[in-house]
Amino acid sequence: MSNYFTDNKDLQFTLANLELEEVVSLRENNYKQAEEFDYAPENYADAKDNYKRVLELVGEISGERIAPRARVVDEEGPHFENNKVTYHPLTVKNLEELRNAEVFGVMLPRRYGGLNFPVTIYTMMTEMVSRADASLQNLFGLQDIAETINEFGTEEQKQKYLPRFASGEADGSMDLTEPDSGSDLQSVRLKATLDPKTNQWYLDGMKRFITNGCAKVHLVLARSEEGTSDGRGLSMFICEAGPELVVRRIEHKLGIHGVATAELQYNRVPAELCGQRKRGLIKYVMSLMNGARVGISAQALGIAEAAYREARKYAAERKQFKTAIEEFPPVFSMLASMKMEIMAARALLYETTKMVDLRNVYNSIVEHGKAEEVTPEHKQKDKLYTRIAAVLTPMSKAFATEMSNRVCYQGIQIHGGTGYMKDFNAERFYRDARITNIYEGTTQLQHVAAIGGIMQRVLDPLMDEIAGLPFHGKLKRLSTYVDEMRKKQQTAVQYVAEKKDSTYYDLVTKHLVDMETYVFVGYLMLRDALKDSERELFAERYILDAVPEFDRSYAVVMSGDVTLIDNYRELIDY
Amino acid sequence: MKRQLMVFVKQVPDTKNVSGEAMTPEGTVNRSALPAIFNPEDLNALELGLQLKERYNFKVTVATMGPPNAAEVLRECLYRGADEAILITDRAFAGADTLATSYALSCCAKTVGNVELILCGRQAIDGDTAQVGPQIAEKLNIPQIAYVEEVISLSDKVIKAKRAIEGGYEILESPLPTLLTVIDANEPRSASAKGIMKYKKAKTRSEIHKLMRDADYTDAQALADKENEMMAKNLWIHEWDAAKIQADVNRIGLKGSPTKVKKIENVVLKAGKVVSIEPTEAGINGLIRELIEDHTLG
């Protein structure tokens, strides 16, 4: 009997200590929804109880039902014949069970059949589903598509699509990437033409690497403005699967075998415009991708959790030299570092989702509220949380996905030769984790997305708040280490800014983002240790490990060393 | 009016996850050491009932006999799609064996009335008797099909079901009303999110009264108002006592139970001796010699 919620102390601690009251009371319209819907909460305590119970439900489905099927799904995967994708029968069963559990419209408003849960709770679900079967998260996690229609679509579109998503009848895909447009989405070419007589849009062209490209409902980024070549000529469209939308092939991938990744050909596919023309990339896709980035962070975290658990179990059971291998310092240090990295990523991820939730509620008031009810305070908070979420979302994705790769690497290492074999799950986790730091924007792009806010010190007010907490004893000492790192980080930021060398800036961006992460997570670990003394140990381990790593990056940034910039050609061409 | 079926369920100690001494020194089950769970095969019975609800538009009423906290197992049924729930509870029911239990449950079915189909799990994991279902059918004087895997068809008057027999299965027809005992042959659905959020608030009268007392509302009018509100919201779990189901007091509880437990033995199963044999010529020869000596080989 395994329940991926009740067996995870850290996740339960996170839920118990999240302060979501502001978010929930705004989302629930001060709990007025309870009058209309019999499953809406009557107050915050009721809402929290709902979250816990539904997480237990998803934890049970993940641990009891989905996880035991994951190996077969990975080995056999979906079937493709005559341009038709058929998912593995066990994947179909997984989806059916999640549908029966009514968790396909987790964040959608109740009037469309959703649960109206915050992103934070949805993210916890994606973490657990990913721990059970990473590839299933690519289907479960497509709820962001419905979220995007909810955010930017017309009321008519919402009524047409959202109930289908919420019931799980329709699945979705986000069709962005093209053969020549990966990281550079501004260059998307898929053509959208408007028939002036009927006022109907049609799509023509190709998309590639489309996760679940066989979906019933597609959100498509397409060039609606003839003669343009940049992001401002792109709009977003909704279209449905049909004979004009051809799945040409599905990819053979290293990991996430359970989900089909498709190449699509659009032959005059009828489509509806979603939102306003020309805002497709700059507004809607950015919003869609930010949502998806949180989901991928959770996917990476779930895989890492699974990899850690199996490595931990193996290290306890495996005896060499008449000793369980977990007792050897090289092994227990690996296990401890895996555990710490997972806890750090979880702390960062759910701090991020909380900020995303705050942004969403204030943004919704500012954009959709009655004009007379929108106060300057609402606008100010919308702006503030938008800025914070814009830094934390890529920072969290960079950290969680790279972390997951490290943890899965060590997971195999702990298994030794056994881990290299297909008999154990360790190799599957390693393969599945590998995509997480690539899709929805590579780590390198996450760094680019985060660095602006780091240079502007967007997170400083949050860190000030934690730095001002009444730490004593060991925590006091540890907090001085973190304060010290932050001072150095501010120095490094200033140094890079004053250097006014854009190549150097790009070169050390990675280090500055890593350093910011060490500092910020250090504060989060301190804050959590103050809530539960059991966690002092984790704050200590995390911070003592972080300091030398931080100092290394600090030395690199402050060196001002430009020899790589000068010589890279000679170096890589030798 | 909708056609009606009933599912009898039971809350049982989780015998697979024993966290301490399973038996008290007096030889009764130590319930505090064993978490209470939904009897597994009752979940199969409920699943079958819910499938029949979807196929033939039945109303599904679930009932359990037990102490007040057994209401939890009824809420679990509501989370999955049951329409109505009855807790049969009364101090007079305590100490019932299978005879007294099946009598009480048959009285409950009569009180509900117009039940075309009764579903029970084959057996409960605490007693493993598999007697209660068949005895209910006997007391109601209706046919029964035991060890059912699935219902093949159902008309207004006849049910056709597939049941497991040793080495195979058989398909039986029975006139309605009838009783089925169901085995572990379907996959019980999980609860649904909306079901949980709504029906976690479903309460029995005793539970409502306790909540109201805790909140310092004790006057009769406030209690009655709350009860009416819960009924109107369909959050009401019926709480029926011996009088309500018109049970003969001499046939329920300890009084109605001829079974007397003479002695309970705590059987400790011990694993056999583990011998490790080196993968060498000498080791294998030694193993073969031993197997020949104790006549496993040769």
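Me: Which residue in S9(B) stands opposite Ala164(B)?

Reply: Tyr169(B) stands there, in S9(B). This is a predicted model: local features need pLDDT of at least 70, side-chain atom pairs count only at pLDDT 80 or more, and totals for chains, interfaces and linings use all residues. Residues are numbered from 1 along each chain as its sequence is written, while chains are lettered from A and ligands numbered from 1 in the order in which they are written.

Me: What makes S8(B) and S9(B) a pair?

Reply: Two strands pair if DSSP finds at least two bridges between them. S8(B) and S9(B) have 8 bridges, in the antiparallel sense, so they pass that test. They form a hairpin with 2 residues between them. In that turn, Gly167(B) has a positive phi of about 80°.

Me: How do you know that S7(B) pairs with S8(B)?

Reply: Again, count bridges. Strand S7 (residues 144-154) of chain B is joined to strand S8 (residues 158-165) of chain B by 5 bridges, and the two run antiparallel. Leu154(B) has Ile159(B) as its bridge partner in S8(B). This hairpin has 3 residues between its strands.

Me: What names do the strands carry, and where do they sit in the sheet of chain B?

Reply: The names follow DSSP runs, numbered from the N terminus: helices are H or I runs of at least four residues, strands are E runs of at least two. In chain B, 10 strands form an open sheet of mixed pairing, in the order S9-S8-S7-S10-S6-S1-S4-S5-S12-S11. Its edge strands are S9 (168-175) and S11 (203-204), each of which pairs on one side only.

Me: In which sense do S4(B) and S5(B) pair?

Reply: In the parallel sense. Strand S4 (residues 58-65) of chain B and strand S5 (residues 84-88) of chain B share 5 bridges. Thr64(B) stands opposite Leu87(B) in S5(B).

Me: Which helix lies across S4(B) and S5(B)?

Reply: Helix H2 (residues 71-80) of chain B. This helix also lies across S11 and strand S12 (236-240) of chain B. H2(B) runs at about 165° to S5(B). Axes here are lines fitted to C-alpha atoms, for helices over the stretch in contact, and angles run from 0 to 180 degrees between N-to-C directions.

Me: Why are H17(A) and H18(A) called roughly antiparallel?

Reply: Angles under 35 degrees count as roughly parallel, over 145 as roughly antiparallel, 65 to 115 as roughly perpendicular and the rest as oblique. The axes of helix H17 (residues 473-499) of chain A and H18(A) cross at roughly 160°, coming within 10 Å. H17(A) and H18(A) are therefore roughly antiparallel.

Me: At what angle do H18(A) and H19(A) pack?

Reply: At about 160°. Helix H18 (residues 502-531) of chain A and helix H19 (residues 536-559) of chain A have their axes 9 Å apart. That makes H18(A) roughly antiparallel to H19(A). H18(A) passes H19(A) in a left-handed crossing. Left-handed means the near helix is turned anticlockwise from the far one by less than a right angle; right-handed means clockwise.

Me: What of H11(A) and H12(A)?

Reply: Helix H11 (residues 329-368) and helix H12 (residues 376-415) of chain A pack at about 155°, their axes 7 Å apart. So H11(A) is roughly antiparallel to H12(A). Their crossing is left-handed. The contact has 22 nonpolar, 8 polar and 7 charged residues. Ala, Val, Leu, Ile, Met, Phe, Trp, Tyr, Cys and Pro count as nonpolar, Asp, Glu, Lys and Arg as charged, and the others, Gly among them, as polar.

Me: How many residues of chain A are in contact with chain B?

Reply: 14 residues of chain A are in contact with 11 residues of chain B. Contact means that the C-beta atoms, placed from the backbone, lie within 7 Å. Helix H3 (44-66) and helix H5 (89-100) of chain A each give two or more residues to that side of chain A. The largest share, 6 residues, comes from H3(A). By class, this side of chain A has 7 nonpolar, 2 polar and 5 charged residues.

Definitions and conventions: Contact = placed C-beta atoms within 7 Å.
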